[in-house]
Amino acid sequence: MKTFEELGVRDDLLKAIHELGFENPMPVQEKVIPHLLNEDGDVIALAQTGTGKTAAFGLPVLQRIDTSRDVPQALIIAPTRELCLQIGSDLADFSKYIQGLKVIPVYGGSSIESQIRSLRKGVQVIVATPGRLIDLINRGVVKLADVHTVILDEADEMLNMGFVDDINDILSHVPDDRKMLLFSATMPQEIAKIASKYMHDPQEFVIGTKNTGAENVRHIYYMVHARDKYLALKRIADDTPNIYGIIFCRTRKETQEIADWLIQDGYNADSLHGELSQAQRDMVMKKFRDRVLRLLVATDVAARGLDVSDLTHVINYGLPDDIATYTHRSGRTGRAGKTGVSIAIIHSRERGRLRDIEKRIGKTFERKEVPTPAHIIEKQLYNLADKIERVKVDDEEIGKYLPGVMRKLEWLSEEDLLKRMLSLEFNRLLEYYKDAPQIDFIDEKPKKERKEKAKPRSAEEKDRRTADRGMARIYVNAGKNDGFFAGNLIDILKHVIHGPRIDVGRIDLMPGYSLFDVKKADARRVVEGLTGADFVGNKLYAEIADPEKDYSRASSRRKQDGEKSAKKDKHGNFDKFKKNKKGASKRR
């Protein structure tokens, strides 16, 4: 294995990267660095995220800069603000000992005036998102006539995000004789067109195999009913006490919804999607990088360019339509020689897409059963025992208080003391998983028989009205057509239910009504709390769902239900509702 010195990296750069902990070059660095330093011709590098691309192009680019000239000489284009900032930060670290070298990231979502002021002071390396760069070019602030190196990082993602016209516009402003590098995880037709139009005699380097996932990633899937995906997600998280991962969702709405549920259920989680402001995104990412958050729920676009090390898991809450997107997702774990796990939570109709992904990435997914409550509790107990073994003990400080505590607890045996300590930590978990149902999708019948004996629609409706084992099913007269979603339900329960927190299980949101599961012991409390509660000016009515009752006309019965609840609810709570109504009118 060669060293960075043998690749031709200069001493001032060597000093900086050794301080950063760089020891031996990664495969992409071994191939790209010597070429950029010594060879003519452009480069197409097909490599996954986390393979060391930034150093591969960054070190030779910095080495080729003439610091005596304060004009842009290298241009690096990235699809997202996060990736732009990450590259800029890395290049600043690499160039620590190069006097007079200036790297400036420019991106949308931040003050263009401050970026203009920085650019006018002089810069040799610009790292930019396409839209902001075009804006600066059109304002006459950025001139690219002296650029000798152009790098397109994560080019396939830029095309997925609709930047192809912007890329063409930007490349029309750089000299024809510049050196160009294109980094991409995949090679779609649009990238091949850009390569043929703008690149000169490009040499292609393939790190790994085209369109495959990282070698150190284990691919697992769980199959459940669509309604049970969130329950499966929680069990996976509970079964992995030290999980540190990203949960990918398909839409902004689903991303926020899943994050809200996880937060409500006590997990260290938050969301990252396009509707957040830059300040919110920065705060979420800081908490995630500092490991204050253990789970980040994100859309694919929002998560582009996130360079977070040591992720243990990537969880696909739904499989993406594009197989290349799955490759990007799974490539975020198992980096730098470490192992990682990519999990897909799917329902039966997603099996075909799973097989397509297997063919493209050349790997087989292993099917696993959703962790059982017994297994989860055992894992959590062993994790606690491991923490107890490893905890640092300050004998001098803790010793001051030990005699008094020992006198207080001396009547307990060692076994009793251990039981009480574990119960203190795990009573909530034990209670939550008591009588929890199996949620794996059981698919034992042949396909032909399944088709012949497919359930009629009425049977499916009845299933929706039937609670899972150990749970009670609750009907409430508000649904998607009313703007009533899971987050609204959780929020209302938080405000109207007093006493112990309500754990909500499976939720089915219909156009005119909703059905959801709670523990049987909590059912009456939930019905009484919801009945008469106000939701955007409408009074809610709730009851324990009857499997034989047709709720499909709930929206047309709204007025009837409201009137019924105003007189007397199912449990005779006239006074309570009257008080709520009075309170509501007072507030208005």
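**View 1. Surroundings of Lys 234 in the predicted model.** Lys 234 touches Leu 262, Asp 265, Tyr 267, Tyr 432 and Tyr 433, when residues up to four places away in sequence are not counted. The structure shown here, as in every view that follows, is a predicted model. Lys 234 is found in helix H10, and with a relative accessible area of 3% this lysine counts as buried because that value is under the 20% cut-off.

**View 2. The crossing of helices H10 and H18.** Two packed helices are described by the angle between their axes and the distance between the axes. Here the axes of helix H10 (residues 229-238) and helix H18 (residues 414-433) come within 14 Å and cross at roughly 145°, and the crossing in which H10 passes H18 is left-handed. On the side of H10 the contact is made by Leu 231, Lys 234, Arg 235 and Asp 238, while H18 contributes Leu 429, Tyr 432 and Tyr 433. The residues of this contact between H10 and H18 divide into four nonpolar and three charged, with no polar ones. Elsewhere in helix H18 lies Arg 420, which counts as partly exposed at 48% relative accessibility and which touches Trp 411 and Leu 412, again leaving out residues up to four places away in sequence.

**View 3. The seven-stranded parallel sheet.** Seven strands form an open sheet with parallel pairing, and their order is S3-S4-S2-S5-S6-S1-S7. Strand S3 (103-106) and S7 stand at the edges, and each has a single partner strand, so one side of each is left without a neighbour in the sheet. Averaged over this sheet and with direction ignored, neighbouring strands are turned by 15° against each other. Within the sheet, strand S2 (residues 74-77) and strand S5 (residues 149-152) pair in the parallel sense over four bridges, and the bridge partner of Ile 77 in S5 is Leu 152. Helix H8 (residues 164-171) lies across S2, S5 and S6 and runs at about 175° to S2, whereas H9 lies across S1, S5 and S6 and runs at about 170° to S6.

**View 4. Helix H2 and what covers its buried residues.** At 1.5 Å a residue, the 12 residues of helix H2 (residues 27-38) should span 16 Å, and the end C-alpha atoms of H2 are 18 Å apart, which agrees. The buried residues in H2 are Val 28, Gln 29, Val 32, Ile 33, Pro 34, His 35 and Leu 36. What covers them includes strand S1 (43-46), helix H3 (53-63), strand S6 (179-184) and strand S7 (203-206).

View 5. Strand S13 (residues 340-346) is mostly covered, with seven of its seven residues buried. Strand S8 (residues 217-223) pairs with S13 in the parallel sense over seven bridges, and Ile 220 stands opposite Ile 343 in S13. Strand S12 (residues 313-316) likewise pairs with S13 in the parallel sense, over four bridges, and here Asn 316 stands opposite Ala 344 in S13.

**View 6. The four-stranded antiparallel sheet.** Four strands form an open sheet in the order S16-S17-S15-S20, and the pairing is antiparallel. Strand S16 (504-509) and strand S20 (542-544) are the edge strands, each of which pairs on one side only, and the twist from one strand to the next averages 25°. S16 and strand S17 (residues 514-519) run antiparallel and are joined by four bridges, with Ile 507 standing opposite Phe 516 in S17.

**View 7. Two loop residues with positive phi.** Most residues other than glycine have a negative phi. Asp 201, in the loop between helix H9 (189-198) and S7, has a positive phi near 50° although this residue is other than glycine, and with a relative accessible area of 71% Asp 201 is exposed. Val 536, in the loop between strand S18 (534-535) and strand S19 (538-539), has a positive phi of about 40° and is not a glycine either; this valine is exposed, with a relative accessible area of 62%.

Notes
Residues are numbered from 1 along each chain as its sequence is written. This is a predicted model: local features need pLDDT of at least 70, side-chain atom pairs count only at pLDDT 80 or more; totals for chains, interfaces and linings use all residues. Side-chain values use heavy atoms; hydrogens and water are left out. The expected span of a helix is 1.5 Å times one less than its number of residues. Buried means under 20% relative accessible area, exposed over 50%, partly exposed in between (1.4 Å probe, protein chains only). Contact means heavy atoms within 4.5 Å. Two strands pair if DSSP finds at least two bridges between them. Axes are lines fitted to C-alpha atoms, for helices over the stretch in contact, and angles run from 0 to 180 degrees between N-to-C directions. A crossing is left-handed if the near helix is turned anticlockwise from the far one by less than a right angle, and right-handed if clockwise. Ala, Val, Leu, Ile, Met, Phe, Trp, Tyr, Cys and Pro count as nonpolar, Asp, Glu, Lys and Arg as charged, and the others, Gly among them, as polar.
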